[in-house]
Amino acid sequence: MTQSSAVTDTIVTFPAGGLRGDARILQIESRQDGAVIVLDATPFHPVDHTWPDQPGDTGALVSEAGRVLVTDTEMAARSDAGEFALGAEIPVRRGSEGWSWFVAHRIETADAPAWLAAGSTVVAEADAERRAALSRGHTACHLASLALDLALADLWRKDPGADALGSPDFEGRANQSSRIHDDGSVDEYRLGKSLRKAGFDTETFVATLVERQERINAQLAAWVASGARSRIEVDGPTIVDRRRWHCELPEGEAVILCGGTHVASLAEFSAISVSLDLSDPQLLVMTTTAVPAV
């Protein structure tokens, strides 16, 4: 392992749509599954170690001496005591005190090329096509969850709390996993005793599943047609500063805490649709598909 002396949390530019930028290498960790390069600043979006919904960016690190492909991007952290941890190895939540926080860029080889060294500078270039596809997938995922909450609003006998548009928050109550992929996502919702105790009418939902799916897709079509503006608001420039997704929908501005990337406008879609699967009566699977605008 090599590292440079002055270390601060990684500055990130992906919330503003950044895809390319100069960076200084802070640290290099050699690993059997590919060395990781920690930078002081980067446009790359890393997968979050606590809620790994959006995959990390891919791309390249470039200098006059060479070019190396980045195969994945992850969170990394180092404790004040000097412990370095990567991805799932990190024992604390993002932003916990006593730790410095970084974006780690994984390369294909176990050891970094000789021209990469702590303290040297590179140009970090994120893959624009992959970023755009994942951004569409993430925005579509949020819109689908809001449309789902709207479509199920009449099935609550108690107040479960409100989502970003003021609807009863089925998403917040029942979602157990979310996975973003290029132009889409897959979300899983647990339909168990705890949800029924919270006041949700599971039986009526199951009986009207097709109707609910039609409602969701009609709502998504209306939102896409609106071409609403979408953006990310940040509290600061580093990887651990809080970020929020904003979308100016006809029903009002939706604001959701989110560390991922998003489109700038719903005009970037030609369509968004979902399919609902209840093959397991205890588990709702919602598959969201986005079609990019031509």
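**Notebook: a walk through the predicted model**

I started at Leu134, which touches Gln54, Pro55, Asp57, Ile180, His181 and Asp182 when residues up to four places away in sequence are not counted. Contact here means heavy atoms within 4.5 Å. I note for myself that this is a predicted model, where local features need pLDDT of at least 70, side-chain atom pairs count only at pLDDT 80 or more, and totals for chains, interfaces and linings use all residues. Residues are numbered from 1 along each chain as its sequence is written, and side-chain values use heavy atoms, with hydrogens and water left out.

**Leu134, continued**

I looked up its element next: Leu134 is found in helix α1, residues 128-151. Helices (H or I, at least four residues) and strands (E, at least two) are DSSP runs, numbered from the N terminus. Leu134 counts as buried, at 1% relative accessibility. For the cut-offs, buried means under 20% relative accessible area, exposed over 50%, and partly exposed in between, with a 1.4 Å probe and protein chains only. I also checked Leu134 against Gly184: they are 50 residues apart in sequence, and their C-alpha atoms are 7.7 Å apart in space.

**Around strand β12**

My next stop was Asp183, in the loop between β11 (175-181) and β12. Asp183 has a positive phi of about 55°, although it is not a glycine. Most residues other than glycine have a negative phi, and that made me write this one down. Asp183 counts as buried, at 17% relative accessibility.

Ser185 is found in strand β12 itself, residues 184-190. I read a relative accessible area of 0% for Ser185, so this residue is buried. Leaving aside neighbours within four places in sequence, I found Ser185 in contact with Gly137, Cys141, Arg179, Ile180, Met286, Thr287 and Thr288.

Leu276 sits in strand β16, residues 269-280. At a relative accessible area of 9%, Leu276 is buried. Its contacts, leaving aside neighbours within four places in sequence, are Leu209, Arg212, Gln213, Ile216, Leu284, Val285 and Met286. Met286 is also on the contact list of Ser185. I checked Leu276 against Ile256 too: they are 20 residues apart along the chain, and their C-alpha atoms are separated by 23 Å.

Val234 lies in strand β13, residues 230-234, and touches Pro15, Arg242 and Arg243, not counting residues up to four places away in sequence. Val234 and Ala16 are 218 residues apart in sequence, and 9.1 Å apart in space from C-alpha to C-alpha.

**Aromatic rings**

I counted five aromatic pairs in the structure. The centres of the Phe200 and Phe205 rings are 5.9 Å apart and their planes are at 65°, so I logged the pair as edge-to-face. The rule I used: rings of Phe, Tyr and Trp (its six-membered ring) pair if their centres lie within 6.5 Å, and planes under 30 degrees apart count as stacked, over 60 as edge-to-face and the rest as tilted. Phe200 is buried, with a relative accessible area of 0%, and Phe205 is buried, also at 0%. Ring pairs link Trp156, Phe170, Tyr189, Phe200 and Phe205 into a cluster.

**The chain as a whole**

Last, I stepped back. How many helices and strands does the protein chain have? I find five helices and 17 strands. The radius of gyration is 21 Å, close to the 19 Å that the globule rule gives for 294 residues, so the chain is as compact as a globular protein of that length. That radius is taken over C-alpha atoms, and the globule rule is 2.2 Å times the number of residues to the power 0.38. The C-alpha trace spans about 65 × 45 × 35 Å along its principal axes.

Of the 294 residues, 51% count as buried. Among contacts between residues at least 6 apart in sequence, 66% join residues at least 24 apart.
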